[in-house]
Amino acid sequence: MKRVAVLASGRGSNFQAIIDAMKSGEITSGQCCGLITDNPDAYAIIMAREAGIPVSLLDYHCFSSREEYECGLIRAMHGTNADLFVLAGYMRILGTKIVSEFAGKIMNIHPALLPSFPGLHAQRQALECGVKVAGCTVHLVDEGMDTGPIILQECVPVLQEDTEESLSDRILFREHRCLPRAVQLFCEGRIRVEERRVYIL
Ligand code: GRF
């Protein structure tokens, strides 16, 4: 059984999707061993408490520098003893030191079909660009911003009457399927990475 730690900054619906998938048996090879958050008001904290998952709060504003924060984060990540770290709405960029320390062990969910629309407000970027298909991507984290090898993607149509909110909701529904699937694949040891390509074994 692999140990899975989740990093989340806010609402935590993807975190909840992972918890639910572990309960329902969709994820059979992983157990959630901790939530790490940078936001004392993150709703994800309440979800973790309800599920009996230990929470590690690293309030960014309580650290004197970014370096100090990152050292704290590395300690917290090691403290979970996790095999896999899932960024589920974690709103800070991980420094290169963290990425290399946990290379190949961090995955992220992004609400766009990467490599299009990395960064913030991906759904708004998609609407403004006028694409007809949008979606979500689960990828491994490398030093870049949303640039790591892609594990899974799902697409949704963009409708003429869409707002940022309606499109985000449609994508989020797919995120909640895609992320648990990617977690299960990782925990089963079925992900092999060659250069930029991810092979599902
Ligand atoms: C999701 O849209 C995810 O793709 C993005 O941040 C959002 C987090 O939502 N990285 P939630 O906190 O999981 O509800």
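**Close-up views of a predicted model**

**View 1. Helix α5 (residues 122-129) crosses helix α6 at roughly 120°, and their axes come within 9 Å.** The model shown in this and the following views is predicted. The crossing of α5 and α6 is right-handed. On the α5 side, the residues that meet α6 are Q123, R124, A126 and L127; on the α6 side, they are E164, L167, S168 and I171. Sorted by class, this contact has 4 nonpolar, 2 polar and 2 charged residues.

**View 2. Helix α1 (residues 13-24) packs against helix α6 (residues 164-187).** The angle between the two helices is about 50°, and their axes are 9 Å apart. The crossing of α1 and α6 is right-handed. Helix α1 contributes S13, N14, A17, I18 and A21 to the contact, and helix α6 contributes L172, E175, H176, L179, P180 and V183. Of the residues in this contact, 7 are nonpolar, 3 are polar and 1 is charged.

View 3. The relative accessibility of E154 is 10%, so E154 counts as buried, the cut-off for buried being under 20%. Apart from neighbours within four places in sequence, the residues in contact with E154 are L113, A134, G135, C136, R174, R177, C178 and R181.

**View 4. The loop between β5 and α5 holds P115 and F117.** Strand β5 spans 106-110. The peptide bond that joins L114 and P115 is cis, with omega about 10°. F117 has a phi near 55°, a positive value in a residue other than glycine. F117 has a relative accessibility of 16% and therefore counts as buried.

**View 5. D146 lies in the loop between β6 and β7.** Strand β6 spans 133-140. The phi of D146 is positive, near 60°, and D146 is a residue other than glycine. Is D146 buried or exposed? Its relative accessible area is 15%, so D146 is buried.

Methods: Residues are numbered from 1 along each chain as its sequence is written. This is a predicted model: local features need pLDDT of at least 70, side-chain atom pairs count only at pLDDT 80 or more; totals for chains, interfaces and linings use all residues. Side-chain values use heavy atoms; hydrogens and water are left out. Axes are lines fitted to C-alpha atoms, for helices over the stretch in contact, and angles run from 0 to 180 degrees between N-to-C directions. Helices (H or I, at least four residues) and strands (E, at least two) are DSSP runs, numbered from the N terminus. A crossing is left-handed if the near helix is turned anticlockwise from the far one by less than a right angle, and right-handed if clockwise. Contact means heavy atoms within 4.5 Å. Ala, Val, Leu, Ile, Met, Phe, Trp, Tyr, Cys and Pro count as nonpolar, Asp, Glu, Lys and Arg as charged, and the others, Gly among them, as polar. Buried means under 20% relative accessible area, exposed over 50%, partly exposed in between (1.4 Å probe, protein chains only).
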